[in-house]
Amino acid sequence: MHYERLVLQAGNNAVNLCFHPRLTVIAGVGAPERDLLVAELLAGLTGGRPGVYLELGDDSGRRVGIGRRAGPGTDRVTELDSGADVTEEFAAAAGATGGRVDLLAVMGLGTEEALAHCRLTASELAAHCRTDALVASLAALEQPRLWAAAGRVVAAEKVVAREARAADAAAEDAPLAEEVDRRHAAFEAAQRRTRGARRATMFIAGICAPAAAAALMLHVRFAPLGLVAVRLGALGLVGMAAVMMLVSLVARHRAERARRREQAALAKVGAESYFGFELQRIDSLIANSRGLARVAAASEEHRRAQAAWQAVAGEVDPDWVLAQREAIIERAQAGASGLYARIDMDPLQLAQWLVGKFAAARRAGGTGESLPLVLDDPLVGLDAAHKQWALGTIGRLAGSPQVIYLTADRDVVAWARIEAIGGELSVINPTPGRADVGQGTGPPPAVRPTTVRH
């Protein structure tokens, strides 16, 4: 599998990323941005959030576009070469309900398992190459303080994820609220037309009825003088009154249809009337503001927990430390001496690690399909000679699978710009732009590309 294009839509802002089939280097992205991009790349496959459009190709050469919008049953998969809608095929393959399309489920993978296959970080590389030294250095630390700091970081991450999901769930109700407002406005407009038609009908009927009666009286009294003209005048007045009655009935029918549509939209948000919906929306806005405040508070706690962890253990991944807890405690009980300092990586060990990761991503799921390999600045901290050698190895292995390199490392960007001259890779810098995306779930036709290629 390989990515071709990813469009991230949020309101009128969009980021459009076009990927090289072999290797794409996304430059100038720090750690928070890298985390966000990895999450969005996986969300394009799993349907984690609306406002994502993804074009990709599988290992057999089939190309599809996946559009995701808020609400159940709104995912749409289109075969790019034929234009056919193949949503049902992919939803059935994933065993999905409600129309959601999860490509990782089709491959037999969960999100955490896919991350383990396709994301490589600097801490993971360091942990692989320095496991014994890391365990020894961590065993020499004050153990209660170490485990308390690690537990605090993991707990803070869970709270941030929970509050963020709650805030996203509130945001996904926005399209339903917009639909209710549209239906209510249409109903009010139909009511105004109905009242106008009713007033016009009553006015014209009030004139036509006496006029028709007068015409009939004239017909009886002066029949010899103008029989045909009197009859035509009376019929014309009666016909005009009938036409206005018909106009009034049509307007009333349209108003009733608009009312039913408004009620259907209100039912989707769990409201019985528009007034109740307004009260519900006020409550939702208050709750949403509180939810955003909780997200901010949770993020601040996570930042503090991360700072406390780094003060204890440095840049080591706390999840990895918790996974190695038994080994660290055993080493601490046996008596560890000396703190861990920087250890030069063995090139052979590094090569074995890279080849192993590429092989794992090449056949990631039960279907044998490959996953794009996302390199999350894994070479940070390497000396220049080892880094250049590792970049050359990555450049040779890229393409099977596709590689997406997220980096803020100037050495990596400089290497990539030179290699991009030959067309073997591309370097892009994501920038925010504006886009007017249509109401469908297909490719956003008016999204202006916001990638800068070098």
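**Close-up views of a predicted chain**

**View 1. N429 sits in the loop between β10 (426-428) and β11 (433-434).** Helices (H or I, at least four residues) and strands (E, at least two) are DSSP runs, numbered from the N terminus. N429 is partly exposed at 21% relative accessible area. Buried here means under 20% relative accessible area, exposed over 50%, and partly exposed in between (1.4 Å probe, protein chains only).

The model is predicted: local features need pLDDT of at least 70, side-chain atom pairs count only at pLDDT 80 or more, and totals for chains, interfaces and linings use all residues. Residues are numbered from 1 along each chain as its sequence is written, and side-chain values use heavy atoms, with hydrogens and water left out.

**View 2. The protein chain as a whole holds 15 helices and 11 strands.** Of its 454 residues, 40% count as buried. Its accessible surface comes to about 23800 Å², and carbon and sulfur atoms contribute 58% of that. Accessible areas come from the Shrake-Rupley method with a 1.4 Å probe; for residues, only the protein chains shown count as cover. Among contacts with a separation of 6 or more, 71% are between residues 24 or more positions apart. A contact means heavy atoms within 4.5 Å.

**View 3. One aromatic pair is present in the structure.** Y3 and F19 form this tilted pair, at 5.7 Å centre to centre and 40 degrees between the planes. The pair links distant parts of the chain, 16 residues apart: Y3 is in strand β1 (residues 2-10), and F19 is in the loop between β2 (13-18) and β3 (23-27). Rings of Phe, Tyr and Trp (its six-membered ring) pair if their centres lie within 6.5 Å; planes under 30 degrees apart count as stacked, over 60 as edge-to-face and the rest as tilted. Y3 is buried, at 3% relative accessible area. F19 also counts as buried, at 8% relative accessibility.

**View 4. R325 lies over the face of W147.** The distance from the ring centre is 4.6 Å. A charge sits over a ring if NZ of Lys or CZ of Arg is within 6 Å of the ring centre and within 35 degrees of the ring normal.

**View 5. R68 is a buried arginine in the model.** R68 lies in strand β5 (residues 63-68). Its relative accessible area is 3%. The R68 side chain reaches the backbone oxygen of L45 at 3.1 Å. A polar contact of 2.8 Å joins the side chains of R68 and D75. A polar contact is a pair of N or O atoms within 3.5 Å; within protein, one must be able to donate a hydrogen and the other to accept it, and residues adjacent in sequence count only if both atoms are side-chain atoms. Leaving aside residues up to four places away in sequence, R68 touches A43, G44, L45, T46, G47, R49, P50, G51, V52, D75 and V101.

**View 6. Helix α14 covers residues 384-397.** At 1.5 Å a residue, its 14 residues should span 20 Å, and its end C-alpha atoms are 20 Å apart, which agrees. The expected span is 1.5 Å times one less than the number of residues. At the start of α14, a side-chain oxygen of D383 reaches to within 3.3 Å of the backbone nitrogen of A385. The buried residues of α14 are H386, K387, A390, L391, G392, T393 and I394. These buried residues pack against α13 (347-362), β8 (373-376), β9 (403-407) and α15 (410-420).

View 7. Phi of D377 is near 45 degrees, a positive value in a residue other than glycine. D377 counts as buried, at 4% relative accessibility. A cis peptide bond joins S400 and P401, with omega about 5 degrees. P401 lies in the loop between α14 and β9.

**View 8. E300 lies in helix α10 (residues 274-313).** E300 counts as partly exposed, at 28% relative accessibility. A polar contact of 2.6 Å joins the side chains of E300 and R303. E300 and V160 are 140 residues apart in sequence and 9.4 Å apart in space, C-alpha to C-alpha.
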